[in-house]
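I opened my notebook to look up a few things in one model.

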Amino acid sequence: MRARTAVLCSVADQGVAALTNILVLVAAARLTTVSDFARFSAVYLVFTVLLGVSGAYTGQPLVLLRGAGEETRGACRSAVVFTVLASAAVGAPLAAVCALLPGDTAGALAMLGLVLPVVLGQDAVRYAFSTLHKPHLALASDLLRLAGVLTALSAQTYGSSPARLVTVWGLSALPALLLSAVLLHRATARAPVRLRPLLRRGHLGQRFTVEFGVGNATGQLSVLGLGAVGNPLLVGALRGATTLFGPLNVLYTSATSFGPPLLGRIADERRRVRATAALAAVLAATAALWATALALLPAGAGRHLLGDTWPTAAALLPATGSQYAAMAAGTCGLLALRMLDPRTTLAIQVVFSLTSVAFLAGGYAVGGVPGAAWGLFLGSLCKATATWIRVARLRRRTGAADGVTADAAPSAAPGTY
């Protein structure tokens, strides 16, 4: 497949996957009350964390493989089998424990445990197709997934319980998983399945999982924790607001995925960093325009999107829009660091993810749900600032080293982890 076609298919696949997640939350908001949507959002947040962990541990190391030989094909099969087995090992105890607990949230978590191998397995096959240079197959799988979700959720009636919605949503991925399994089997026929390398010490996924944990899951779990000990509507309000910014997540993910190879074509390092800074400015401006457009939506259109959750989500649009503008700068800053010295990203993720949690808790203590949203913005702003300060320092260091001798340049090449 030509490079341009592959990039288009990959971006389209990411867009379809993001659209599916957005429509799931939109449908749940329209089919449930505010309190039930908060419960569903809490469960979906747990799934989002598990999805990120699965992608970090098996998906991201997989897509770094090059070539299409037997080793790569075997790694693809192994990653998918490992994901299904690991998700079953996690989902079965989760379902068993939550089935014994009272409450609608526990019931929804029990159903999540049962459908976890289906939804995580389908996502793992997407990474395998990308590694095999067959992004069109990943796109076909996600299109079928989207059609299944829309068909299943559209058949539900208002007032459906969170447990029912989780079950319907999870099982709707089964046709896409079966189709993907058949296509993957054909593409990797007779390739061996080796699970031991995925469990050995030093597996690259372990580092990526730590980065995800401190960079993403920490903030999401802190929101979940505040909803549990404070106001349960906090989860639904923040989740509803961030759902409206789903298209920007597609842009940020695409920039992270396709930015290094595209920016790597620029030979001069200074011009490469400037191009990354220009990309940050463009994405930040896009976030501001998107937030403005959402703020100008009529109340009727907003309720059509999020149902009863719209008033609380609309009140958070200024804070969430500012957060996404700061996230644009931070995402591109991390992208620049990956090209300069990828070993520096983990420390920044650890420090400023904890800083964001502190701002989130402090904002909630001072100003409730709106204060928590502004706390998330401050955390993203601090992270973006620190990231670009680090970029500037590395640029000065490498520039000085280049002026003395080429041997003094940093030893870590872009893409080294």
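**Entry 1: the record.** I began with UniProt. Its unreviewed entry lists "transmembrane region" for residues 42-67, 79-102, 165-184, 275-301, 321-340, 347-366 and 372-389. UniProt positions are given here in the numbering used for this model, feature names are shortened, and annotations may be inferred rather than shown by experiment.

I noted how my values come about. The model is predicted, so local features need pLDDT of at least 70 and side-chain atom pairs count only at pLDDT 80 or more, while totals for chains, interfaces and linings use all residues. Residues are numbered from 1 along each chain as its sequence is written, and side-chain values use heavy atoms, with hydrogens and water left out.

I then checked two of the listed stretches. Residues 275-301 are 89% helix and 0% strand. Their end C-alpha atoms are 37 Å apart. Residues 347-366 are 100% helix and 0% strand, with 29 Å between the end C-alpha atoms. For the terms: helices (H or I, at least four residues) and strands (E, at least two) are DSSP runs, numbered from the N terminus.

**Entry 2: salt bridges.** Side chains of opposite charge can pair when their charged atoms come close. My rule asks for a side-chain nitrogen of Lys or Arg within 4 Å of a carboxyl oxygen of Asp or Glu. How many salt bridges does this rule give? The count is three.

I looked at Arg39 and Asp36. They form a salt bridge, and the closest N and O atoms are 2.7 Å apart. Both sit in helix α2, three residues apart, so about one helical turn separates them. Are they buried or exposed, or in between? I used these limits: buried is under 20% relative accessible area, exposed is over 50%, and partly exposed is in between (1.4 Å probe, protein chains only). Arg39 has 29% relative accessibility, so Arg39 counts as partly exposed. Asp36 has 13%, so Asp36 counts as buried.

Next came Asp123 and Arg126. Their side chains meet in a salt bridge at 2.7 Å, N to O. Both lie in helix α4 (residues 104-131), three residues apart, which is about one turn of the helix.

Arg126 also meets Asp142 in a salt bridge, at 2.5 Å, N to O. Asp142 lies in helix α5 (residues 135-154) and Arg126 in helix α4, so this pair ties together parts that are 16 residues apart in sequence. Asp142 is buried, with a relative accessible area of 3%. Arg126 is buried too, at 12%. The shared partners join Asp123, Arg126 and Asp142 into one network of salt bridges. Asp123 is buried as well.

**Entry 3: aromatic rings.** A pair of aromatic rings is described by the distance of the centres and the angle of the planes. Rings of Phe, Tyr and Trp (its six-membered ring) pair if their centres lie within 6.5 Å; planes under 30 degrees apart count as stacked, over 60 as edge-to-face and the rest as tilted. I found seven aromatic pairs.

I picked Phe47 and Trp169. Their ring centres are 4.8 Å apart and their planes stand at 75°, so the pair is edge-to-face. Phe47 is in helix α2 and Trp169 in helix α6 (residues 162-171), so the pair links parts of the chain 122 residues apart. Both residues are buried.

Then I took Phe245 and Tyr324. This pair is stacked, with 4.9 Å centre to centre and 15° between the planes. Phe245 is in the loop between α9 (233-243) and α10 (246-263), and Tyr324 is in helix α14 (residues 317-340), 79 residues away in the chain. Phe245 counts as buried at 0% relative accessibility. Tyr324 is buried at 4%.

I also saw a cluster: ring pairs link Phe40, Tyr44, Phe47 and Trp169.

**Entry 4: Phe37.** I looked up one more residue of helix α2, Phe37. Phe37 has 0% relative accessibility and counts as buried. Phe37 and Gly307 are 270 residues apart in sequence, but 9.9 Å apart in space, C-alpha to C-alpha.
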